[in-house]
Amino acid sequence: MKQNQISSRMQNISPFYVMDLLAQAKQLEMQGHNIIHLEVGEPDFATPPLIKKAAIDAINADQTKYTGATGLPELKEKIAQYYLQRLNAIVKPENIIITPGASGALQLALSVLVNPDQSVLMADPGYPCNRHFVRLLNACARSVPVGTDTQYQLTHQLIEQYWQDNTAAVLVASPSNPTGTLISQGEMQKIIDVVKKKKGFLLVDEIYQGLVYEQLDFSAAALSSHVFVINSFSKFFTMTGWRLGWLIVPDAFIEPVDRLAQNLFLAPVTVSQYAALSAFDEKTLEVLDVQRSELNIRRNFLLTGLIDLGFDIHVKPGGAFYIYADVTKFTDDSFKFCNDLLYQAHVAITPGIDFGDNQANRYVRFAYTQNLEKLQMALDRISDFLSNYSH
Ligand SMILES: Cc1ncc(COP(=O)(O)O)c(C=O)c1O
């Protein structure tokens, strides 16, 4: 065995191309260029004041030891109330597992559900880390190509069509990253029914819950107690760096998930949990609702601006903070397009290749995580760039 041997499973873990792009953008910034960042999935908003204050108070009160592996009971209580009041869903606090972000929740859920050589169905394009979580379990991430006809989402028909004997679970995200599209409540019910019929498991990633602009904002937890629901304080609550999320599990999985969480993480970050107790205060929710309205304004602004510039946006995104745009009019290589846009116009966006293989060369993702002034500046730069663009 060589001393520097890296496990063979690492061959299946691909990098985030957007991180390379971000590194290049930072280099350009160091050379004195002004870059507009529309590539990373976190808004420019600060964490609301009451949450920050609660964290400082917790540190001062020496709340810095481990909590239980599944998190503070009082935080579970608050989350359960939130589901009842805002989403009309009855969730028992004991079914809520507090995790290190949605990332920790996804890792826990997939690990307790999927055996080696089984497969998990997921949409392509989709959130890239999911394939890697599944591959780490020596299982198979089965990407299902989705397009405009299904709003870039899995449907109950597609699940039926792609289901195989070794399929253990289906993972959907609504709103989705990178497309911002949603699964309707009626369709979600049909997905739940088909997965139940197949005796499999359904995981619903609701990390962008709260950031829904026109359609009904619901939780799959309101439709079934057999679904694994993933959520996080990262996006709606603007707490990306606090590394805190949660997982709702069916009764039979509370104990195994607890056991695995003890081993993998010991506990979620204590200070972040105390901070998150203030995330559901009326005052904080008011701040967050204002931010949602601001994101909606940005969404409409950028959508109109991009369409005016000739980008094809086949499905209007109903949530999250992303626009998935077709750039075939300008190029047959969206990765090169992103690179050229960065170096020539100093606007950073994400190439489709980060989200899968399905028509990835045709698409790019814009994140409207900057204010209107910066979005206008980005549109002006893109307009100049396109007027001279030849690839
Ligand atoms: C769909 C989706 N799921 C999960 C995550 C992980 O988020 P976190 O671990 O910060 O909660 C992200 C982050 O961008 C995401 O877009």
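Helices (H or I, at least four residues) and strands (E, at least two) are DSSP runs, numbered from the N terminus. The expected span of a helix is 1.5 Å times one less than its number of residues. The structure described here is a predicted model, in which local features need pLDDT of at least 70 and side-chain atom pairs count only at pLDDT 80 or more, while totals for chains, interfaces and linings use all residues. Residues are numbered from 1 along each chain as its sequence is written.

The chain holds 12 helices and 12 strands. Its radius of gyration, taken over C-alpha atoms, is 21 Å. The globule rule (2.2 Å times the number of residues to the power 0.38) gives 21 Å for 391 residues, so the chain is as compact as a globular protein of that length. The C-alpha trace spans about 60 × 55 × 55 Å along its principal axes. Burial was judged by counting other C-beta atoms within 10 Å of a residue's own, with C-beta atoms placed from the backbone: 20 or more is buried, 12 or fewer is exposed, and in between is partly exposed. Buried residues make up 45% of the 391 residues. Contacts were also counted (two C-beta atoms, placed from the backbone, within 7 Å). Among contacts between residues at least 6 apart in sequence, 73% join residues at least 24 apart.

Helix α2 covers residues 49–60. This helix has 12 residues and reaches 17 Å from its first C-alpha to its last, close to the expected 16 Å. Its buried residues are I51, A54 and A55. Seen down the axis of α2, these residues fall within an arc of 100°, so they line one face of the helix. The arc is that of the directions from the helix axis to the C-beta atoms. On the other side of α2, P49, K53, I56 and N60 are exposed. The cover over the buried residues of α2 includes α9 (270–276) and α10 (282–308). Just after α2 comes D62, with a positive phi of about 60°.

Helix α11 (residues 334–345) also received a length check. Its 12 residues should span 16 Å at 1.5 Å a residue, and its end C-alpha atoms are 15 Å apart, which agrees. The buried residues of α11 are S334, F337, C338, L341, L342 and A345. They cover an arc of only 135° around the axis, which puts them on the same side of α11. Their packing partners are α1 (17–30), β10 (347–348), β11 (350–351), β12 (363–367) and α12 (372–387). H346 follows α11 and has a positive phi, near 60°.

The ligand is surrounded by 13 residues. A residue counts as near a molecule if its C-beta atom, placed from the backbone, lies within 6 Å of it. The closest are G101, A102, S103, S232 and S234. Helix α4 (residues 101–113) supplies three residues, the largest share of the shell. By type, the shell divides into four nonpolar, eight polar and one charged. Here Ala, Val, Leu, Ile, Met, Phe, Trp, Tyr, Cys and Pro count as nonpolar, Asp, Glu, Lys and Arg as charged, and the others, Gly among them, as polar.

Most residues other than glycine have a negative phi, and most peptide bonds are trans. A cis peptide bond joins D124 and P125, with omega about 10°. P125 sits in the loop between β3 (119–124) and α5 (129–136). Another cis bond links N177 to P178, with omega about 20°. P178 belongs to the loop between β5 (167–173) and α7 (185–197).

Positive phi values also occur in loops. D117 has a phi near 75° and is not a glycine. This residue lies in the loop between α4 and β3. With 11 C-beta neighbours inside 10 Å, D117 counts as exposed. T238 has a positive phi of about 50°. Its loop runs between β7 (228–232) and β8 (245–248). T238 is buried, with 21 other C-beta atoms within 10 Å.

K316 occupies the loop between α10 and β9 (322–326). It is partly exposed, with 14 other C-beta atoms within 10 Å. K316 and V91 are 225 residues apart in sequence, and their C-alpha atoms lie 31 Å apart in space.
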